[in-house]
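Q: Could you walk me through how salt bridges are read from a set of coordinates, starting from the general idea and ending with particular pairs?

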Amino acid sequence: MSPPAPGHHQDVASYRQRVWERLRVLRRPSREREVVVQSVKAGLACVGALLVTAPWAGSLAFLAPYAAVLTVTSTVRGSWKGAARQAATVTTGVVLAYVVGLLAPATSVAVGLVVLLGLLVGRWRQFGPDGWWTAITALIVVVNGTAASAWDLAGWVALSLCGAFVGALVNTLVLPPVHLRDAHSAVAALVGEVAADLRDMAATVHDGWSVADARWWADNARGLRHAVRRADDAVWYGRESVRWNPRRRHIRRADSPLAGRDVVDRLSRMSERVLQVSVLLGNLAEHADHPGDPELAALLERLADAVEVIGERPDELAAALDAPGAEAQRLRDGAGAQAARQACVMAVSDAVAELEAVAV
């Protein structure tokens, strides 16, 4: 037998290295680890539901594990709400199949009726996005020929309820998901983008700017709206993951003032002030390139410093706002300034006021 080629050993070493890197990633809180944990929990819920219902499930043994997997969602509250909706839709579908089966014994007719009525009933807002399961459940029951058996229908409902309960219970007791770090990261990214835009404006304003520069800043400021939406969604998701979650100690460690709805609201208004300043700077350079304005540049730079403090040292925000606030007041009180420049200073002053509300 010939010895393995040298390239074979390199491939094995490279594969081991990739596996080790993946495992090392899973040791830290990350999206990859969350996916693995939730997948393992779904497997546990599936096995648990199967074991609990095995003695009496019979030919419908698949129902409980299926329902359990569906209820292992990304939040604890979402799991229990999903379990409740699943119970409601399955019960409604089963009852619908039973009633239609009595009125229309022919399967071909009953199938059409349960799908039609199930889709209409499933639009009830209390069913949420799971309403279509009413029609699917009724359809499966009719096609399987169990619509006429009250005992089989009761077993269908009981198995679905049991599986949903097991899934929600596993998701609550086994490492219930908390998404506050994601919220913190999204808001920190928004803070970084706002500060970067302000610093870019300050650097150019110091030496002189053109209408093209102002348009570039305005486009960047409009782009901040996407970062605001991402941060807002992440904060909502993070707060939703805290509700009904028993991991109170972990929540206290992961929580942060930065992962708050009010911070995102203020930063949203702040980004609109950045857009306003960029438009006003464009007005100043409308007829010709505007010469440098070191005072206005310094004001924008100090505002960027204050914005960065939100992400790095939120407790020091109130003190960090003293410099841009005082500078804005000094420039606002200055005589003989252009109207557009004064409007820029006023916009910065309003931005400072927005951040002061966060610091309270």
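Q: How many helices and strands does the chain have?
A: This is a predicted model, and in it the chain holds 15 helices and two strands. Of its 360 residues, 41% count as buried, and among contacts with a separation of 6 or more, 78% join residues 24 or more positions apart.

Q: Why can charged side chains pair, and how many salt bridges does the structure hold?
A: Side chains of opposite charge can pair when their charged atoms come close. In this structure there are 17 salt bridges, including one between Arg85 and Asp130 with an N to O distance of 3.0 Å. Arg85 belongs to helix α4, whereas Asp130 sits in the loop between α5 and α6, 45 residues apart.

Q: Is Asp130 buried or exposed?
A: The cut-off for buried is under 20% relative accessible area, so Asp130, at 18%, counts as buried.

Q: What does the salt bridge between Arg199 and Glu301 tie together?
A: The closest N and O atoms of Arg199 and Glu301 are 2.1 Å apart, and because Arg199 lies in helix α8 and Glu301 in helix α12, the pair ties together parts that are 102 residues apart in sequence. Arg199 is partly exposed at 22%, as is Glu301 at 30%, and a network of salt bridges links Arg199, Glu301, Asp305 and Glu308.

Q: Which helices hold Glu272 and Arg225?
A: These side chains, Glu272 and Arg225, meet in a salt bridge at 3.0 Å, N to O, with Glu272 in helix α11 and Arg225 in helix α9. Glu272 counts as partly exposed at 32% relative accessibility, and Arg225 counts as partly exposed at 34%.

Key:
Residues are numbered from 1 along each chain as its sequence is written. This is a predicted model: local features need pLDDT of at least 70, side-chain atom pairs count only at pLDDT 80 or more; totals for chains, interfaces and linings use all residues. Side-chain values use heavy atoms; hydrogens and water are left out. Helices (H or I, at least four residues) and strands (E, at least two) are DSSP runs, numbered from the N terminus. Buried means under 20% relative accessible area, exposed over 50%, partly exposed in between (1.4 Å probe, protein chains only). Contact means heavy atoms within 4.5 Å. A salt bridge is a side-chain nitrogen of Lys or Arg within 4 Å of a carboxyl oxygen of Asp or Glu.
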